[in-house]
Amino acid sequence: MAFSDPEACALVLQVILQKPVYKVMVQPEKSILYSKEFRSVRLDVYARDSMEAEYDLEMQNEDQGNLPLRSRFYQAEMDAAALKPGEDFKRLRPSYVIFICAFDPFGEGYYRYTFENRCLETGKPLGDGTRKIFLNTRGTRSEGVPKELIHFLQYLENSTDEFVQSTQDETVAKLHKRVTWLKEDRRWEAKYMTFEEMLQRKMDDGLRQGIQKGIAKGITEGIALTKRVLRLNAQGMSAAEISAQCGISQAEVADILNMNE
């Protein structure tokens, strides 16, 4: 929610990229859908600055093992949406896909992993204007990473007044002030409450679907077990033999046979 605020988003991008970012236009939960026949994408936070550079900011709490491929797909979708039919490819502006992870996505301990397309033979960059950045809030290796970015990532893990004061970081202090203001703003409070309610509904729906699937699976398995017990009984097997074959107690075998007499 905080990154949906243009001022906060601009601050975050400046910290991550270590360059000025001006006049940011932000669109949270931006959906890109070309056809029902193809998979759509919903970007957590899509932003465009005054130079028309594009940014996708994604918050990732769990490692699902698919970030490299997701970053490829997201960047491709952003590029496809950037040009109108007939427009020259030169109109494509720089684009960044940024994953902020609450885990180490590549297991090397770095706070930041930056990828761009390069020639394997010469090492020269392709120059296509794309970059993928994976940030690790629990990094341990600070080589080549500015203190400002480390403080920002640590702030995501510990966004308290005490931590902000201990860093003495002006940018983190600005961001914290902005986040605090947003939390207290009634319009944002209403949005936040709506977001919480939406999450709760999704959890409730998931729970109901899980229960329904569990009941359906239990019924299916129960019918299959009953048929198996009856078949073995018809073949002349004793209750002890059926029990061993089906992995249930002799009492359960008796119950199934009694219910189907």
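Buried means under 20% relative accessible area, exposed means over 50%, and partly exposed lies in between (1.4 Å probe, protein chains only). The model shown here is predicted, so local features need pLDDT of at least 70 and side-chain atom pairs count only at pLDDT 80 or more, while totals for chains, interfaces and linings use all residues. Residues are numbered from 1 along each chain as its sequence is written, and side-chain values use heavy atoms, with hydrogens and water left out.

View 1. Helices (H or I, at least four residues) and strands (E, at least two) are DSSP runs, numbered from the N terminus. Starting at that end, the elements follow the order α-β-β-β-α-β-β-β-α-α-α-α-α-α. Of the 261 residues, 34% are buried. The protein exposes about 17000 Å², and carbon and sulfur atoms supply 52% of that area (Shrake-Rupley method with a 1.4 Å probe; for residues, only the protein chains shown count as cover). Take the contacts (heavy atoms within 4.5 Å) between residues at least 6 apart in sequence: 54% of them join residues at least 24 apart.

**View 2. Here is Glu58, a buried residue with a relative accessible area of 1%.** Glu58 belongs to strand S3. Its side chain reaches the backbone nitrogen of Asp44 at 2.9 Å, a polar contact (a pair of N or O atoms within 3.5 Å; within protein, one must be able to donate a hydrogen and the other to accept it, and residues adjacent in sequence count only if both atoms are side-chain atoms). Setting aside neighbours within four places in sequence, Glu58 touches Arg42, Leu43, Asp44, Arg70, Tyr74, Ile98, Phe99 and Ile100.

**View 3. Look now at the salt bridge between Arg70 and Glu58.** A salt bridge is a side-chain nitrogen of Lys or Arg within 4 Å of a carboxyl oxygen of Asp or Glu; by this rule the count comes to 10. In this pair the closest N and O atoms are 4.0 Å apart. Arg70 sits in helix H2 (residues 67-82) and Glu58 in strand S3 (residues 54-60), so the pair ties together parts that are 12 residues apart in sequence. Arg70, at 17% relative accessibility, counts as buried.

**View 4. Meet a network of salt bridges that links Asp5, Glu7 and Arg178.** Asp5 and Arg178 join through their side chains at 2.8 Å, N to O. Asp5 lies in the segment before helix H1 (6-17) and Arg178 in helix H5, so this pair ties together parts 173 residues apart in sequence. Both Asp5 and Arg178 are buried. The side chains of Glu7 and Arg178 also meet, at 3.5 Å, N to O. Because Glu7 lies in helix H1 and Arg178 in helix H5, that pair ties together parts 171 residues apart in sequence. Glu7 is partly exposed, at 46% relative accessible area.

**View 5. Follow helix H5 along its 15 residues, 170-184.** Which residues of H5 are buried? They are Thr171, Val172, Leu175, His176, Arg178, Val179 and Leu182. These cover an arc of only 160° around the axis, which puts them on the same side of H5 (the arc is that of the directions from the helix axis to the C-beta atoms). The face turned away from that buried side carries the exposed residues Glu170, Lys177 and Glu184. At the N-terminal end, Asp169 caps H5, with a side-chain oxygen 3.0 Å from the backbone nitrogen of Thr171.

Technical notes
The expected span of a helix is 1.5 Å times one less than its number of residues.
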